[in-house]
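Try each one before you read its solution.

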Amino acid sequence: MNTEKLSERLETVARFVPNGSKLADIGSDHAYLPCYLVKKGIVPFAIAGEVVLGPFESARGHVEEEGLSDKIIVRMGDGLDVIEPGDVNCISIAGMGGALITSILERGKEKLGEIVRLILQPNISAVTIRKWLLENNWQLVEEEIMEEDGKIYEILVAEKGEPHKPYTSNLETELLLGPFLMQKQGEAFSRKWKMEAHNWQRILAQLEKAAPSTETTAKRQELLQWINRVEGALK
Ligand code: SAM
C-alpha cells in the first residue's frame, strides 16, 4: 500500500468521500488516505490527525515526501481535538474498534456541528457505532462489507438527517447486522455472520457444561437470542 494504491479496505472508505470535501482523517497513521484523496483531486484540503508520536511522524513524513504540505495539515492530538471550527466538513475514522470510534465521536461531539458526512470503518463492533449514530441524530445512509486478506470489514456512512429512517421494527437485529447489509447480503456478509453464529454456538456448548447460575443462564439466553437473530436474517 502507498499513497497511489490503497488497500481495498481504504479504497472502499475513499469511495465514500464526496468530491470537493474538506476531510479530517482521524487516526490517519501513515496518512495514506488523505494523500491518495488529495493526489486524485477528490479533496482540496485534509487534516491527518494522530494521537501517537510514531504514526504522527510517519504521516508528516509521507505528506512532506509527496509535496502535499500546503494541502494536508498533520496534527497531533486526541480524536477530534485536531479540528478547529470551519476546518472540515467530512470525517473519516478507519481501522479501529467500534468502541474506540464511538468514544472519539462522543468526546468530540461539539466538533461535529459543521460536519455533513462521517465515514467510519470499524474492525469490530459496528453495532456500537450504529447505536451511537441512532442516539445522536446521525442517519446511516450507506453500508459496505468486504473481505481482504482473510479479514472482514464493515464501512458505515452517516449524514445528519432522520436517524430512524433505515430501520424497521426489527431494530435490534438491524443494529447488529446493519440495515443495508441485511438487504444486500453477499458473500462477506454471510461468511461473517455464519462465523459469529458458529462461535456463539461453541460458547453456548461450553456454558451447557458449566454449573447453572444466574449469570450463565442470562448469558445462555443472550447468546441464543443473538444466534436466532443472525440465523433469521441470513438468506
Ligand atoms: N486509519 C488508518 C487505516 O485505516 O489504515 C490507520 C489505522 S491504525 C490501525 C489506527 C490508528 O489510530 C493508530 O495509528 C493510532 O495511533 C490511531 N489512534 C488511536 N486512537 C486515536 C485517537 N483517540 N485519536 C487519534 N488517533 C488515534
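**Exercise 1.** Which elements do the buried residues of α8 pack against?

*Solution.* Before starting, note that this is a predicted model, where local features need pLDDT of at least 70, side-chain atom pairs count only at pLDDT 80 or more, and totals for chains, interfaces and linings use all residues. Residues are numbered from 1 along each chain as its sequence is written, and side-chain values use heavy atoms, with hydrogens and water left out.

Step 1: list the buried residues (under 20% relative accessible area, 1.4 Å probe, protein chains only). In α8 they are Ala 188, Phe 189, Lys 192, Trp 193, Ala 197, Trp 200, Leu 204 and Leu 207.

Step 2: look for contacts, meaning heavy atoms within 4.5 Å. The partners are β6 (138-148), β7 (151-160), α6 (171-177), α7 (179-184) and α9 (214-233).

**Exercise 2.** Find the polar contacts of the ligand, taken as pairs of N or O atoms within 3.5 Å.

*Solution.* Step 1: begin with side chains. Arg 9 places a side-chain N or O atom 2.7 Å from a ligand oxygen, and Asp 78 has one 2.8 Å from a ligand nitrogen.

Step 1: turn to the backbone. There, an N or O atom of Ala 94 is 3.0 Å from a nitrogen atom of the ligand.

Step 2: check the burial. The ligand alone exposes 600 Å², and the protein buries 81% of that (Shrake-Rupley method, 1.4 Å probe).

Notes
A polar contact is a pair of N or O atoms within 3.5 Å; within protein, one must be able to donate a hydrogen and the other to accept it, and residues adjacent in sequence count only if both atoms are side-chain atoms. Buried means under 20% relative accessible area, exposed over 50%, partly exposed in between (1.4 Å probe, protein chains only). Helices (H or I, at least four residues) and strands (E, at least two) are DSSP runs, numbered from the N terminus.
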